[in-house]
Amino acid sequence: MGEHQLPSEEKQIVALGRVLQTLREEENADVLIETTLTYLQAEFQYRLLWIGLYDRLDHRLFGKGGVTPTGDTSFLKQKFFLNPGDLLEQVVIQQRPVGIPNLSEEVRAGEWRRAAQQFGIQGTLLFPLRCKDRCFGVALLGSHLWGVSPRAAEKAQLSVLFGGLAAALYQIEVDWQRSSTKRPDQPMFEILDQMLHLPTMQQRLEAVCTTTQKFVAPTRTSIYWYNSERRYFWHRAGNRQMVRGLANSNSASGLLVLEVYDFYQALCEGRLITIGAGRSPLKAESTGRLLSKLRARSVLAAPITVREELVGFLAVEGNEARIWEEAEKNYVRAAAGMVALVAGSEDVETAIGQMERDNLIMQEIAAAISDNDNAQGALKECAIALLERLGAERFLLLQEDREGAFNIVYQQQPLNRRPVASPPEPLGADHRRLLEESAYKLVAIEDWEDDERFKSLWGSLLIPLGVRSLLVCRCGNVQPIGLLVIGLSQPRTWSVSDRKLVSVAAKQIGMLLHGLAASETGELESIAYSSLMEGLNTLLSLPRSPQGFDRGWMEYLASLLSCPQVAILTWTSGESKATVNQVVTDSSLRLPGTLTIHPDRDALIQEAIKTRSPICRPLAALPNSTREWVQRASGIGEIVVFAVDIPAEVSDELGVVIPQLTQNKYPLKAAILLADRAGRKWPRHLFPVLETLVRQFSHFRHYLHLSSVSVAEVSTLEELNWFKHRCLQAFHQTVAISVSRLLELDRDVPGQQGSKLAGDQSTKGGEQMRTTNISHSTRPSPGEANSATNDQPLRRMRSSQLLHQLENTLATLSPLLNDVPFATNAESVPLANLLKRSLRLVESLTTGRQQLARIHNPGNFSVYGDRLKLECVFFELLLFSCTNTKPGGRIDIWCLENRTPEAASQQVGKSRLELLITDNGLIDLNLLTALQRGDIREALPSSPLLEPPSLHLKICQRVLRSWGGEVQFYHLENGHLITRLLLLTTKSE
């Protein structure tokens with residue numbers, strides 16, 4: 001400052017060094033502040049000097065003295081509370097120097113504004129006493145001049161001075177805190193020394209309480225011991241009897257776990273319980289009950305744990321709310337650990353004895369499992385040993401099945417208690433994780449009233465049976481998971497030894513379950529293998545007709561799965577509706593015959609086709625599109641759907657190309673539906689086998705449909721070939737006769753070389769007809785020849801008639817050239833003309849073999865049928881009789897009418913004509929049997945009988961049946977063969 005004559009720089013440095021040395025060596029705060037003020041007064045000659053120390057708890061500054069112009073320093077030793085917005089608070093919080101041009105006019109100066117006016121102070125400097133980012137106080141330097149602005153050297157000198165003062169104050173505070181902090185090491189050594197010399201456990205506990213009382217200085221110190229059978233803490237040692245009103249109080253006798261369960265649970269977890277000054281780790285209700293029982297307002301409790309088991313706790317209790325220091329917490333925890341060491345050595349013999357007894361029990365269980373071939377007997381011995389040792393009542397062994405549901409493997413309970421009727425609910429993800437993460441893979445529930453683990457899952461099943469506490473332990477790493485459940489009707493604290501015993505026993509039982517599971521798996525695999533072989537054999541033995549094949553397969557599935565309803569839904573690629581074929585033993589499961597199912601719009605069927613695996617669904621889980629038609633059967637509650645579909649790639653693997661017409665005509669797509677009532681458990685172990693069998697079934701079914709198409713097409717082609725061949729034979733014979741007659745008419749014309757040539761061709765044609773055994777030569781009579789020679793007009797007329805006959809013959813041949821040449825054109829056909837034409841066709845054969853063919857009682861009958869086909873059938877049957885009859889034999893055709901009473905009112909179908917063709921020919925008995933009972937192809941595969949004429953006889957049967965006729969063959973005892981034709985007749989004109 002301009003008016004002050006400052007000492008030289010060397011003197012300033014010497015004076016500053018002397019003050020800093022004093023600040024470093026002095027340990028009294030008042031001396032430090034006095035030294036600082038003296039230096040400031042000597043070196044800077046400010047009119048107002050003041051130093052105040054900061055109180056962090058109350059957020060205020062209390063004055064430590066200073067210098068005023070008037071010499072009155074009472075104001076400088078006051079306490080100044082820091083208010084928001086004040087300059088002093090700004091300096092404390094920001095920890096930066098602040099310059100004030102005129103303190104007497106500064107509104108934020110508070111009480112210092114009035115003091116500045118009183119002392120005549122204007123320009124003022126405020127310096128924070130700062131060290132390690134902490135403010136220890138504020139220094140105020142005031143001048144009577146306005147706007148004081150120190151030079152850089154002066155400012156640096158003040159910063160060094162106040163920094164040294166702050167460092168000295170910091171060191172004093174650290175030393176004070178170190179000296180005032182409690183050190184638990186000395187009392188702990190004292191406790192250890194007493195433990196070594198005191199003879200009894202009670203004296204040792206009392207010594208711990210006394211030493212703790214001295215160190216922590218609470219209202220009282222106590223040690224509580226835990227009674228696991230009665231589940232309460234009782235007061236074992238401490239100075240409670242020294243407190244008036246508590247010596248005979250019931251609250252001093254103990255704490256029930258039921259009343260302070262949160263406190264008990266925290267102790268079991270090894271936590272230190274700190275309650276005081278409105279803070280508590282427990283629930284508010286539990287905290288209130290605990291403090292009420294202990295008649296305290298603050299509590300510090302540490303668990304006493306011996307071999308992972310809670311035996312009690314050490315508690316220091318205060319009648320006033322108290323914030324427990326960290327050293328006190330550490331000491332109480334260490335003291336509880338010292339008590340645990342002493343307590344553990346006290347009952348070591350008892351623990352060793354218990355371990356030996358548990359080892360014997362484990363040996364008994366292991367022997368029972370290894371030596372007993374009967375699993376139920378072994379489990380009974382294990383249950384008896386465990387229940388007797390634990391004092392429990394229920395033994396329940398559970399194992400998951402393949403669907404995740406539990407099955408009761410074994411259970412044991414007192415005679416006067418009900419058993420568990422149904423298996424418990426399956427474990428959820430949370431319960432599985434709880435078992436895996438817990439010690440020994442075991443969950444101990446002491447009382448379901450306090451611990452609700454597993455209560456939501458099994459409480460509704462076990463609580464009505466009186467179970468309140470239980471042990472749930474996983475049986476080793478057995479897959480599927482096995483659980484051992486030990487239950488008791490009273491609340492029970494399960495000790496560590498109890499848990500270890502059950503855990504080891506559960507592992508032993510898990511080995512038994514593993515053996516049972518392996519045995520069961522072997523049995524299931526054996527059943528699956530036998531079912532697979534049986535299914536494949538069944539597929540091979542089913543009828544070869546598509547309808548019979550499907551029904552036989554449904555009956556097999558119903559028998560294999562004991563399923564009351566099996567249905568096959570079939571549809572083609574071009575159809576939108578499926579037909580239902582079903583086998584039902586329960587009428588309430590039958591689907592109506594008028595049911596309409598759209599597979600392309602059914603979500604379940606489409607899912608089965610895409611996944612190509614069985615789909616199980618209860619009724620409630622079905623999509624709406626499926627539920628609509630499934631509910632048409634009132635009893636259905638569970639269904640399984642298998643898709644039976646041959647995709648294109650599978651057809652390629654089979655080496656079969658499916659024509660498009662075949663795909664549209666025959667039902668290559670299908671789905672198998674298994675249905676039963678609600679709650680049905682399906683044998684999932686058979687599903688892989690069923691998938692294989694259904695796949696084979698689809699291949700077989702596909703093959704049968706292709707075979708049926710092929711057989712039908714072959715049969716159609718055979719019939720067409722036979723029909724055309726016979727028609728061409730008749731045509732050839734008719735044309736040959738007409739040509740022969742034309743040649744006869746034209747034979748006498750001179751110079752007709754072409755006539756000779758035509759005669760040669762006619763002769764050649766006659767030879768061809770003879771090779772077919774049906775052609776013959778009919779020459780015109782001599783009278784006709786002479787008439788043709790003498791009468792030229794008559795000859796032309798005769799030629800014209802023959803040409804018209806040829807024209808009519810060509811007209812009859814035209815249907816053979818159509819796109820569908822084998823279509824049936826049924827009409828009324830005169831029987832007499834039909835028989836005459838047929839006999840004329842075989843006349844050459846009967847003449848050559850000197851056979852006599854006669855018609856008996858031809859009558860005036862007209863039969864119903866296709867004229868050309870009837871003529872071909874009659875010709876085929878007569879040809880067969882002529883061929884089989886010996887030369888010189890006889891063939892008789894008998895016409896017998898079999899008219900029903902209703903025939904008079906009907907045009908067609910009620911009157912039947914019976915034709916009997918009898919001969920003494922021979923026939924293969926195998927062929928006769930095949931013709932009488934069924935398809936000749938099915939009865940005689942790869943047989944010569946499939947060749948003509950045997951094949952032609954079967955074709956005749958099929959042709960007649962197409963419009964209601966029939967042909968049958970009988971072999972009489974006298975050696976005669978009867979061919980019996982049944983034809984529908986039309987009403988007489």
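Me: Which strands does helix H12 lie across?
Reply: Elements first: helices (H or I, at least four residues) and strands (E, at least two) are DSSP runs, numbered from the N terminus. Contact means heavy atoms within 4.5 Å. Axes are lines fitted to C-alpha atoms, for helices over the stretch in contact; angles run from 0 to 180 degrees between N-to-C directions. Here, H12 (residues 375–390) lies across E13, E14 and E17. H12 runs at about 65° to E14. Helix H13 (residues 429–437) lies across E13, E15, E16 and E17, at about 100° to E15.

Me: What can I rely on in these values?
Reply: The model is predicted: local features need pLDDT of at least 70, side-chain atom pairs count only at pLDDT 80 or more, and totals for chains, interfaces and linings use all residues. Residues are numbered from 1 along each chain as its sequence is written, and side-chain values use heavy atoms, leaving out hydrogens and water.

Me: What is the strand order in the sheet?
Reply: Two strands pair if DSSP finds at least two bridges between them. This open sheet of five runs E14-E13-E17-E16-E15, with antiparallel pairing. E14 (406–412) and E15 (442–445) each have a single partner strand, so one side of each lacks a neighbour in the sheet. The twist averages 15° from one strand to the next.

Me: How many bridges join E13 to E17?
Reply: Six, between residues 394–400 and 482–488. Phe 395 stands opposite Ile 486 in E17.

Me: At what angle do H6 and H7 cross?
Reply: Over 145 degrees counts as roughly antiparallel, under 35 as roughly parallel, 65 to 115 as roughly perpendicular and the rest as oblique. The axes of H6 (residues 185–197) and H7 (residues 201–216) come within 10 Å and cross at roughly 165°. That makes H6 roughly antiparallel to H7.
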